[in-house]
Amino acid sequence: MSSTAASPLHNLWSIVLSKVGGAHIELGDNIITTNNEVGPAPRAGGKAAAKGDAKGDLNYVKGVGRAFKIDSKLGRHARVHRKSAVELLTIPDHLSAKQAYVIVKLGIPSRSLEPLSDHLGIGKGAAAGVLGMDRATANRKVAKDDVLPTYAAESMLRLLELDAMARDTFETDEEAAAWLRQPHPMLDGETPLDCAKSGFGAERVKDILNAVKYGGVV
């Protein structure tokens, strides 16, 4: 089967989800989905989500790597190797509160800063800054292969959701990343990345993106 190197965005999501599914990504021409358990892989909103207990919630979110739709702009699918299993990768447009909660609870490895930096086209220090971290703290976390602080992990997921919206709004991923980096007059001259450091700021950026895509008052 032919394959190609994973993009920074795929690398980023593989790290973000690594505590959930232990996933390693390899892009390929086909989708191969299997499961360590008998039966079909779980789907978002499936039976595991309805169990209601902590174990059911965790098993449900472990199905995240099999449940989301791959980014259609890539024109190919991804294989995720996990020990004896090969699972469908996710590049989600949106995370439910349950999915985001468990991802943050399990932890996002700090090595996600490098592909975040590469994907957005900013320096590693700037990538740490948009997550609310100073450079020294970020370097220490990366050196220890530690997880991001909770506030930074939450910022990471907010930023990835905005990135998905921007990629859906603009023609290319490069245009989307450039828009996020540029000061915006409707944000008092702040960049969308800087504004998204707070939850309310991220909602404001979403309003502007929706207005760009659909038209309307912002």
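**Close-up views of a predicted model**

**View 1. The loop that holds Asp145.** Asp145 lies in the loop that joins helix 8 (135-143) to helix 9 (150-169); helices (H or I, at least four residues) and strands (E, at least two) are DSSP runs, numbered from the N terminus. The phi of Asp145 is positive, near 55 degrees, although the residue is not glycine. Most residues other than glycine have a negative phi. This is a predicted model, in which local features need pLDDT of at least 70 and side-chain atom pairs count only at pLDDT 80 or more, while totals for chains, interfaces and linings use all residues. Residues are numbered from 1 along each chain as its sequence is written, and side-chain values use heavy atoms, with hydrogens and water left out.

**View 2. The loop that holds Asp188.** Asp188 is found between helix 10 (173-181) and helix 11 (192-195). Its phi is also a positive value, near 55 degrees, in a residue other than glycine. Asp188 counts as exposed because its relative accessibility is 77%; exposed means over 50% relative accessible area, buried under 20% and partly exposed in between (1.4 Å probe, protein chains only).

**View 3. Helix 5 and the glycine after it.** Within helix 5 (residues 97-106), the buried residues are Gln99, Ala100, Val102, Ile103 and Val104. Gly107 follows helix 5 and has a positive phi, near 105 degrees.

**View 4. The largest nonpolar core.** A nonpolar core is a set of buried Ala, Val, Leu, Ile, Met, Phe, Trp, Tyr and Cys residues joined through side-chain atoms within 4.5 Å. The largest one has 44 residues, of which Val16, Leu131, Leu148 and Met156 touch the most other members. Helices that each supply at least two residues of this core include helix 1 (8-16), helix 6 (113-120), helix 7 (124-130) and helix 12 (199-214). Helix 9 provides the largest share, nine residues.

**View 5. The surroundings of Leu148.** Leaving aside residues up to four places away in sequence, Leu148 touches Ile108, Pro109, Ser110, Ser112, Leu113, Leu131, Met133, Ala153 and Met156. Contact here means heavy atoms within 4.5 Å.

View 6. Over residues 22-87, pLDDT (the predictor's confidence in each residue, from 0 to 100) stays under 50. For the protein, the mean pLDDT is 75, and 64% of residues reach 70 or more.
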